[in-house]
Amino acid sequence: MTMTRNDWEQRFQSLTLESRAFINGEYRPAISGETFECLSPVDGRFLASIASTDEADANLAVEAARQSFNSGVWANKAPAERKRILIRFADLILQHQEELALLETLDMGKPISDSLYIDVPGAAQALSWSGEAIDKIYDEVAATPHDQLGLVTREPVGVVGAIVPWNFPLMMACWKLGPALSTGNSVILKPSEKSPLTAIRIAELAVEAGIPKGVLNVLPGYGHTVGKALALHN
């Protein structure tokens, strides 16, 4: 059934928008208590007051991500299990396709048909592709002289900061989350302050899929505050 604009408007009225940061498996306000207004470019309507995180939140998220990585709760999980969870994550995005498409359109202004049939499926496909690759891309033995042995190993680097722009917010987030999570890293995702809603929402879906707390954190906020803090963090 094709939904009309009125149908989508009614769907929006029934939504409860999450506006907080996601750190160590739970939603929480910015440490400073600061927020910024999220306005829809479609018609200028107010959508939500979003947590405006900064360096203090970045440090807290990095600590949570580092602890989750060092514990091995995700990095040392069997590849087949990480695969199962990432594919489950992709499936949950598709199960919430209409909700996420509506959030995407209201937040950054593209036609709902694009969000529904391109962006959300593309985001799910990016996650599932990386998930499927987990047990199919192996380490390598390099070509060496007979008395030498050269090994190429693929190992997680630890804590990854993923900063994405406003124009394909969900799809570009998943382009980065898929490879980073599939290889066992812990991730801090910083969406654009112009379009943070889908990134905030999928954090909850990640936990529902089975990704352990601290492995995926989401910090909404401005580039010159939390974005800078993440980009300069050791």
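**Basis of the description**

A residue is called buried when its relative accessible area is under 20%, exposed when the value is over 50%, and partly exposed in between, using a 1.4 Å probe and protein chains only. The model is predicted, with local features requiring pLDDT of at least 70 and side-chain atom pairs counting only at pLDDT 80 or more, while totals for chains, interfaces and linings use all residues. Residues are numbered from 1 along each chain as its sequence is written, and side-chain values use heavy atoms, leaving out hydrogens and water.

**Ser186 and strand β8**

Ser186 has a relative accessible area of 0% and is therefore buried. This residue belongs to strand β8 (residues 186–190). Helices (H or I, at least four residues) and strands (E, at least two) are DSSP runs, numbered from the N terminus.

Contact denotes heavy atoms within 4.5 Å. With neighbours within four places in sequence left aside, Ser186 is in contact with Ala65, Ser68, Phe69, Gly158, Val159, Val160, Gly214 and Val215.

Strands count as paired if DSSP finds at least two bridges between them. Strand β3 (residues 35–39) and strand β4 (residues 46–51) run antiparallel and are joined by five bridges. Glu37 has Ser49 as its bridge partner in β4. Six residues lie between the strands of this hairpin, where Gly44 takes a positive phi near 80 degrees.

Asp91 is located in helix α3 (residues 79–95). Its relative accessibility is 36%, so Asp91 counts as partly exposed. The C-alpha atoms of Asp91 and Leu127 are 9.3 Å apart, although 36 residues separate the two along the chain.

Helix α4 (residues 97–108) is mostly covered, with 11 of its 12 residues buried; among them are Leu100, Leu103 and Met108. The expected span of a helix is 1.5 Å times one less than its number of residues. For the 12 residues of α4 this gives 16 Å, which agrees with the 16 Å between its end C-alpha atoms. Gly109 follows α4 and has a positive phi, near 95 degrees.

**Nonpolar cores**

A nonpolar core is a set of buried Ala, Val, Leu, Ile, Met, Phe, Trp, Tyr and Cys residues joined through side-chain atoms within 4.5 Å. The largest has 52 residues, of which Phe89, Ile93, Leu189 and Ile211 touch the most other members. Helix α7 (residues 197–209) gives the most to this core, contributing eight residues. Another core, of 12 residues, lies apart from it and includes Val62, Leu219, Val226 and Ala229.

Not counting residues up to four places away in sequence, Ile93 touches Leu100, Val120, Ala124, Leu127, Cys174, Ile202 and Leu205.
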